[in-house]
Each structure stands twice: as structure tokens, then as C-alpha cells.
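This briefing is meant for a reader who is meeting the structure below for the first time. It moves from charged pairs to nonpolar cores and then to one helix.

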Amino acid sequence: MAPPPSAVPPRIHRALDGLNFFLADVRDGLGPYLAIYLLAVRGPEQGWNPATIGFVITLAGLIGLAAQTPVGAFIDRSRHKRAVIIAAAVAVTLSCVVLPFITDFRAVAATQSLAAIAGTVFPPALAAITLGLVGPRAFSRRIGRNEAFNHAGNAASAALAAGTAILFGPVVVFWIMGILAVLSIGATLLIPAGAIDDDVARGLGHGAAAGGPARPSGWRALLECRPLLVFAVLMAVFHLANAAMLPSLGQLLTTVVGQNHATSLIAACIVAAQCVMVPVSYLAGLKADLWGRKPIFLAAFGILALRGLLYTLSHDPFWLLAVQLLDGFGAGIFGALFPVVVADLTRGTGRFNVSQGAIATAHALGAALSATLAGGIIVGYGYSAAFLALGAIAALGFLGYWWLMPETLDRRALAEEAAQPRPGPAAPA
């Protein structure tokens, strides 16, 4: 295993590893556990069913969606990226740990919406810190390593939830989140602020801030770059197909095995998929500069389509757990390559983070609509119909990426960047 071609000290790499590991359970809020908690603990007697749960998830997603691009622009301008991550971790955690103490529908929707807004900070901020630390040449490999540790963290926290939920019930996920939030803050503080080149972190060259755009616009970046716009649409399609699969699986398991075992089983599903994501993410980041981005992304769409089909063949819990392993391939590839493709298309513009935010707005829209789409199909036609519909959407995304999306790897630009000496971070303006 070759080390990343970067002059960053190993202790900083280890701190970044720890940040991605501990932040894994915090950055997505409750995720699929929200559906299980509301269905199993609150239940229909309090007005919670797949349709109402889907509405809350969609509402939070839409509110978070509106924050994506402004957050990206803020991160481009910010020279305090560590503080931004810490504040977001605190906000997400507090929004989730209060859930057992509130019962009103509006209060639940409000807390999850706040968590969604804060959650938009993590992907662009982590990518920006990484790019500012290692530079473009080592970025794809380091992002793959980030995602590997992120998925390992998800697997560890899900395994802990699976082992303790039987004793303490679904509420245990709130305790785990609080502990990991504290540890993620500690890991963030171990990354020296001075080691982050804030100009490189927004997609500019070293010391190029003065000549770069002072107020970059994510929407303008999309409209001016057709491949970036196509990529945004395709990422929305990917999440429209993918986002509702795991929550729908959690609801299906609740009906199959009962609420007492649903949390442990969905945690087992998450652990299994995350264990697959660890090597897949690392391999995708390691080979992206050799194989190119396009064939790897096509594999992600194809596997997602297959996953939707296979869920319909049996409702046996062990079969569903086996099929969930495929999530490790699709999600692992997406997490490793999404920021890499955006970095390819925005190199030298100073719009890396705001473009991430704009594209994240598109795929958040897809994810938000996914929950409502799946919930409505489940209520009207059943779980198999919902999984088939989601798989068909993924198949359309495969065809779209194949026909419309160019290869974004620019080997000449990487070679030129590698030939340039890497100075220290630019002084703050």
C-alpha cells in the first residue's frame, strides 16, 4: 500500500483519519434510525406511519437543501474551517438527542430540519480541509482514505448500536451519537489550522487568492460548465434512487421481525454495508487516477439498480442483509469520487466548495424526494414496487452517465501540479 504523495506529516493524516472515523455517526444525524424510532417507538397510535415519516424526512431534506450552496460559499471564504465543523457537530447532536423528550410533530420536524442544515457543513468542509492539506495531486487518494475511515466509523457505531439496542432499546443511538460528537471535536482540534492552505482548499493555486474570484457563485459555476451541470443532475438521480432504500428496508424489517429486533437488524445491515465500503472507498480513491472517474461511477449506478431488483426476490431477513452488502459498493464509490469529480471540473476557479454546495443541493433534492416517493409507493403498492421503482431510476442514471458525462481526469494537469513545489499556506488576508 503506497503512501499518499504528500508532504503532510503523518500525525496530521492520523488526526484526519480520526476526524472522519468519529464524525461518521454524527454527520448524517439519525439517518435510517429516525424511521425505525418513529415507527417502532412512537408508532401509528401517535400518527407515525411510512407516509408521515417520509414527509418529515423530505421536509428536513428540503430545508437542508436550501442551505447547501450558501454553506459551500461560506466555506470557500472561511479561514476557520475547524470551528465550522465543531459548531455543526454540536448542532446536529443536540438536535437529535432531544428527540426522545419531544412528541409534537412540529417539534420533531423542526429538530430534524436543524440537524439537516448543520449536516450540510460536513461534506464540503471535510473535502476543503483535505484539499487544503494535501493539494490536488494527492486529493483523490486522500479522499478515498477519508471515506474508508468514515465507513469504518459508521460500521463501528452501528455494531455498537446493534449490540446495545437489545438491552436499552432504540434510544441507545442517541447516547452513541453524543459520545462520538465529543471525540470528533477532539480530533478536529488535532489538525493545526496553519497546515490548511485556504486558497488551495477552495480550488485555487498556491497564493492565487488575489487573482481569483472574490465572491464565487455556485449556480453560475454550474450554468457556465455543462459537464458540471450534467454531473449535478446525475447526482440527483443517484440519490433519488438510493436515499430511500435503507429507510424502506428498515420499515420492511419492522413489519417482518417486529419492533424489538428491527433496530438491531438494521444496524447489522449498516455494519455489513459499511465493512464493504471501507475497501471499496479506498480502492476507488487509489485507482481513480489510473482507471479514470467515469467507469468507476458507472459501476456505482449499475450496482444500485441491481440492489433495487434483488430486494424484491425475498423478504427473508438474511437475504435482505446479504443484498444490503451491495450498498457498500455504490455508496463507497460515490463518497470517494464525488468531491474528486467536482475538483476536476473546478480546478483553478476558486469555486470548489461552492460548486460542491450547488451540486449537493441537487442531490439533496433527489434524496428528499426519494423518501416521499418510496413512502407513497409503499402505502399504495407495497415494498417490492417501491424497490423496483428505485432500481429503475438507478438504471436511468447509468444510461445518463454513460451517454452524457465525459471523463474528467486530466492527467496533464496532475503532472503539471506534481512538478510544482508546494509552499506553505498563504498568510490570512
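How many salt bridges does the count come to? In this predicted model, the count comes to eight salt bridges.

**Salt bridges between helices**

- D17 and R142 form a salt bridge in which the closest N and O atoms are 2.6 Å apart. Because D17 belongs to helix α1 (residues 10–27) and R142 to helix α7 (residues 139–168), this pair ties together parts that are 125 residues apart in sequence. Both partners, D17 as well as R142, are buried.
- R307 forms a salt bridge with D327, and here the closest N and O atoms are 3.1 Å apart. Since R307 is in helix α13 (residues 294–310) while D327 is in helix α15 (residues 327–346), the pair ties together parts that lie 20 residues apart in sequence. R307 and D327 are both buried.

**A salt bridge between loops, and its network**

- R79 and D198 meet through their side chains in a salt bridge, with a distance of 3.5 Å from N to O. The pair links distant parts of the chain, 119 residues apart, with R79 in the loop between α3 and α4 (81–97) and D198 in the loop between α8 (172–189) and α9 (218–224).
- R79 has a relative accessibility of 29% and therefore counts as partly exposed, whereas D198, at 13% relative accessibility, counts as buried.
- A network of salt bridges links R79 and D198 with K81 and D199.

**Nonpolar cores**

- The largest nonpolar core has 67 residues, of which F139, F231, M235, L249, F297, I359 and Y401 touch the most other members.
- When residues up to four places away in sequence are not counted, F297 touches F231, M235, I333, F334, L337, F338, V341 and Y401.

**Helix α3**

- Helix α3 covers residues 50–77, which makes 28 residues, and reaches 40 Å from its first C-alpha to its last, close to the 40 Å expected at 1.5 Å a residue.
- Within α3 there is a kink of about 35 degrees at Q68, a position shortly before the proline P70.

Definitions and conventions:
Residues are numbered from 1 along each chain as its sequence is written. This is a predicted model: local features need pLDDT of at least 70, side-chain atom pairs count only at pLDDT 80 or more; totals for chains, interfaces and linings use all residues. Side-chain values use heavy atoms; hydrogens and water are left out. Helices (H or I, at least four residues) and strands (E, at least two) are DSSP runs, numbered from the N terminus. The expected span of a helix is 1.5 Å times one less than its number of residues. The bend at a residue is the angle between axes fitted to the seven residues ending there and the seven starting there. A nonpolar core is a set of buried Ala, Val, Leu, Ile, Met, Phe, Trp, Tyr and Cys residues joined through side-chain atoms within 4.5 Å. Buried means under 20% relative accessible area, exposed over 50%, partly exposed in between (1.4 Å probe, protein chains only). Contact means heavy atoms within 4.5 Å. A salt bridge is a side-chain nitrogen of Lys or Arg within 4 Å of a carboxyl oxygen of Asp or Glu.
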